[in-house]
Amino acid sequence: MLIQMAVSRSREYLADATGAEICGKPNALANALAKLQRASQQIPLHDAKPATAHMFIVNPLSGGGVASLFSTHPPMEERIARLQALARR
């Protein structure tokens, strides 16, 4: 289970990098992720299920701390930081 979550997180990072490479604008993708994150905080999805969480761009499940260790989604802040680092290269 832990390996599956780690693979899922690494795929999220790879998808972000590939999307940035395709569009050629990593900062634009970072800004889009930030907007999605803000929107998900303003309008939370209350009936999200763990079985379908991996299909969302933004983690639909609430919870931090230990719960975030078992998330299939990496922290949005880290995804955005990686995209911004790509833009600086």
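**A first contact, then the rest**

Mentor: Start with Ala20. Leaving aside neighbours within four places in sequence, Ala20 is in contact with Lys25, Pro26, Leu29, Leu83 and Leu86. Keep in mind that this is a predicted model.

Trainee: Okay. How many helices and strands does the protein have?
Mentor: Four helices and zero strands. Along the sequence the pattern reads α-α-α-α.

Trainee: And what share of the residues is buried?
Mentor: Of the 89 residues in the protein, 25% are buried.

Trainee: How do H2 and H4 sit against each other, then?
Mentor: Two packed helices are described by the angle between their axes and the distance between the axes. Here the axes of H2 and H4 come within 8 Å and cross at roughly 165°.

Trainee: Are they roughly parallel or roughly antiparallel to each other?
Mentor: Roughly antiparallel. Angles over 145 degrees count that way, and H2 and H4 cross at roughly 165°.

Trainee: Left-handed or right-handed crossing of H2 and H4?
Mentor: The crossing is left-handed.

Trainee: Which residues in H2 meet H4?
Mentor: On the H2 side, Pro26, Asn27, Leu29, Ala30, Leu33, Ala34 and Gln37. On the H4 side, they meet Met76, Arg79, Ile80, Leu83, Gln84, Leu86 and Ala87.

Trainee: How do the residues of that contact divide into nonpolar, polar and charged?
Mentor: Ten are nonpolar, three are polar and one is charged.

Trainee: Let me pick one from the H2 side. Is Asn27 buried or partly exposed?
Mentor: Partly exposed, because its relative accessibility is 39%. Asn27 is found in helix H2.

Trainee: What does Asn27 touch?
Mentor: Gln84 and Ala87, leaving aside neighbours within four places in sequence. There is also a C-alpha distance to look at. Asn27 and Ala85 are 58 residues apart along the chain, and their C-alpha atoms are separated by 9.0 Å.

Trainee: And Gln37, buried or exposed?
Mentor: Buried, with a relative accessible area of 18%. The cut-off for buried is under 20%. Gln37 also lies in helix H2.

Trainee: Which residues does Gln37 touch?
Mentor: Val58 and Met76, not counting residues up to four places away in sequence.

Trainee: What about Arg38?
Mentor: Arg38 is found in helix H2. Its relative accessible area is 45%, so Arg38 is partly exposed. Arg38 and Val58 are 20 residues apart in sequence and 9.9 Å apart in space, C-alpha to C-alpha.

Trainee: Is Asp16 buried or exposed?
Mentor: Asp16 counts as buried, because its relative accessibility is 7%.

Trainee: So what does Asp16 touch?
Mentor: Leu29, Leu33, Arg79 and Leu83, not counting residues up to four places away in sequence. Look back at the contact between H2 and H4. Leu29 and Leu33 are on its H2 side, and Arg79 and Leu83 are on its H4 side.

Trainee: And Ala17?
Mentor: Ala17 is found in helix H1 as well. Ala17 is partly exposed, with a relative accessible area of 28%. The C-alpha atoms of Ala17 and Arg82 are separated by 8.3 Å, although the two residues are 65 apart along the chain.

Trainee: One more. Where is Arg11?
Mentor: In helix H1. Arg11 is exposed, with a relative accessible area of 60%.

Conventions
Residues numbered from 1 in each chain as written. Predicted model: local features only at pLDDT ≥ 70, side-chain atom pairs only at ≥ 80, totals over all residues. Heavy atoms only, no water. Contact = heavy atoms within 4.5 Å. Axes fitted to C-alpha atoms, helices over the stretch in contact; angles between N-to-C directions. Helix = DSSP H or I, 4+ residues; strand = E, 2+ residues; numbered from the N terminus. Parallel < 35°, antiparallel > 145°, perpendicular 65-115°, else oblique. Left-handed = near helix turned anticlockwise from the far one by under 90°. Nonpolar A, V, L, I, M, F, W, Y, C, P; charged D, E, K, R; others polar. Buried < 20%, exposed > 50% of the residue type's maximum accessible area, 1.4 Å probe, protein only.
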